[in-house]
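Have a go at each task before you read the solution under it.

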Amino acid sequence: MTVEEQKPFVMRDDEMGRLDGLHTLCMMMGNDQLHWAPLSAPRRVLDLGCGKWMQDFARLNPETKITGLDLEPSISGPNIETVIGDLEKPWPVQPGFDYIHTRWLIGCLSDWKKFFKQCYDNLDSGGWFEILDIGFPCQSADGTLKGDSHLEKWNNLLIEAANLSGRSLTAAKDFGRILEEVGFSNVSVERSRLPMNPWAKNPNERAMGEIALPIHKACYERLGHDFFCTNLKMAPKDVDADLPFVWKEMEDTEIHAWWPIYVVYGQKL
Ligand SMILES: C[S@@+](CC[C@H](N)C(=O)[O-])C[C@H]1O[C@@H](n2cnc3c(N)ncnc32)[C@H](O)[C@@H]1O
């Protein structure tokens, strides 16, 4: 069995460009900061499911030693070490990190409590853990995303199919509570929104929507194929037949939809 078959969310070559776009979006959401947790000169940092963030953090913090843990790590740098490992198994790293960072893992993991406990156990006292992730489904405040739309149908099917696979797409709203349950203190939850397309009047949100639209379209294509074909036993041709209707709605700036983004961090005392 290939890594991709075991773990459906391992990155494919054509997805690396999308991760650059997601990184840009995170920087726009965070006013160009790479973290929300109040860090002070961390010595050892761990990035779980590693990517562009680790590269930038390592460049800006040359004195910090960064470890990236991933099924297939692809980033390197003078103060970076990469470790091949599965986040759902014991991690082959030396504990005692000052900061553990992760993002965009929704749909990859089945047991968030176990994962957060492992983060807690791998931190030094005083260290911070931080996660940024997306919540499903997308929503609109003004009713422009209609209940009978193709997009809403896909939202519901994606959530159902992901639940059947045991890898929830709606877990992010519970991250703050789960962090407290596993022992984290000073837990902070910040919620912002990632627009579907450039519908917003606010220039920053509008620019984010411009960058995000092709990413959302490609993600729905991949999620549809992975989740619908595997868990709902849909034929790939039926997914492909429906997709243009979903994409058309995604492009429609009369639909004022967004996905909630959660930035959650907590400290091990
Ligand atoms: C959507 S990417 C996000 C990458 C990075 N955090 C970023 O922001 O650019 C998800 C990453 O998690 C990794 N991943 C997914 N499931 C994993 C698992 N069970 N164990 C280790 N890595 C995993 C993938 O290989 C991929 O690199």
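This is a predicted model: local features need pLDDT of at least 70, side-chain atom pairs count only at pLDDT 80 or more; totals for chains, interfaces and linings use all residues.

**Exercise 1. Helices H7 and H8**

Work out how H7 and H8 are oriented relative to each other, and list the residues that make their contact.

Solution. Start with the geometry: H7 covers residues 203-231 and H8 covers residues 236-251, and the two pack at an angle of about 155 degrees with axes 10 Å apart. Angles over 145 count as roughly antiparallel, so H7 and H8 are roughly antiparallel to each other. As for the hand, the crossing of H7 and H8 is right-handed.

Next, pick out the contact residues. H7 brings Leu 213, His 216, Lys 217, Tyr 220, Glu 221, Gly 224, His 225, Phe 228 and Cys 229, while H8 brings Pro 236, Val 239, Leu 243, Val 246, Trp 247, Met 250 and Glu 251. Sort the residues of this H7 with H8 contact by type and you get 10 nonpolar, 3 polar and 3 charged.

Finally, look at the connection. Ala 235 sits in the loop between H7 and H8, and it counts as exposed because it has 10 other C-beta atoms within 10 Å, where the cut-off for exposed is 12 or fewer. Ala 235 is 10 residues from His 225 in sequence, and their C-alpha atoms are 8.7 Å apart in space.

**Exercise 2. Bringing in H5**

Now take H5 and describe how it crosses H7 and then H8.

Solution. Take H7 to begin with. The axes of H5 (residues 150-165) and H7 come within 9 Å and cross at roughly 55 degrees, which makes H5 oblique to H7. This crossing of H5 and H7 is left-handed. On the H5 side you'll find Trp 154, Leu 157, Leu 158, Ala 161, Ala 162, Leu 164 and Ser 165, and they meet Tyr 220, Leu 223, Gly 224, Phe 227, Phe 228, Thr 230 and Asn 231 in H7. The tally for the contact of H5 with H7 is 10 nonpolar, 4 polar and no charged.

Then move on to H8. The H5 and H8 axes come within 8 Å and cross at roughly 115 degrees, so H5 and H8 are roughly perpendicular to each other. His 150, Leu 151 and Trp 154 of H5 make this contact with Asp 242, Phe 245, Val 246, Glu 249 and Met 250 of H8. Here the H5 with H8 residues divide into 5 nonpolar, 1 polar and 2 charged.

Gly 147 is in the loop between E6 and H5, and it counts as exposed because it has 8 C-beta neighbours inside 10 Å.

**Exercise 3. Inside the fold**

Solution. Locate Cys 26 in helix H2 (residues 16-29). Then count neighbours: 20 other C-beta atoms lie within 10 Å, so Cys 26 is buried. Setting aside residues up to four places away in sequence, Cys 26 touches Arg 103 and Leu 132. Cys 26 and Asp 133 are 107 residues apart in sequence, yet 9.9 Å apart from C-alpha to C-alpha.

Now widen the view. In soluble globular proteins, nonpolar side chains tend to be buried together. The largest nonpolar core in this model has 60 residues, and Met 54, Ile 100, Phe 129, Leu 158 and Val 264 have the most contacts inside it. Beyond its neighbours within four places in sequence, Met 54 contacts Asp 47, Ile 66, Gly 68, Ile 75 and Ile 80.

Definitions and conventions: Residues are numbered from 1 along each chain as its sequence is written. Axes are lines fitted to C-alpha atoms, for helices over the stretch in contact, and angles run from 0 to 180 degrees between N-to-C directions. Helices (H or I, at least four residues) and strands (E, at least two) are DSSP runs, numbered from the N terminus. Angles under 35 degrees count as roughly parallel, over 145 as roughly antiparallel, 65 to 115 as roughly perpendicular and the rest as oblique. A crossing is left-handed if the near helix is turned anticlockwise from the far one by less than a right angle, and right-handed if clockwise. Two residues are in contact if their C-beta atoms, placed from the backbone, lie within 7 Å. Ala, Val, Leu, Ile, Met, Phe, Trp, Tyr, Cys and Pro count as nonpolar, Asp, Glu, Lys and Arg as charged, and the others, Gly among them, as polar. A nonpolar core is a set of buried Ala, Val, Leu, Ile, Met, Phe, Trp, Tyr and Cys residues joined through C-beta atoms within 7 Å.
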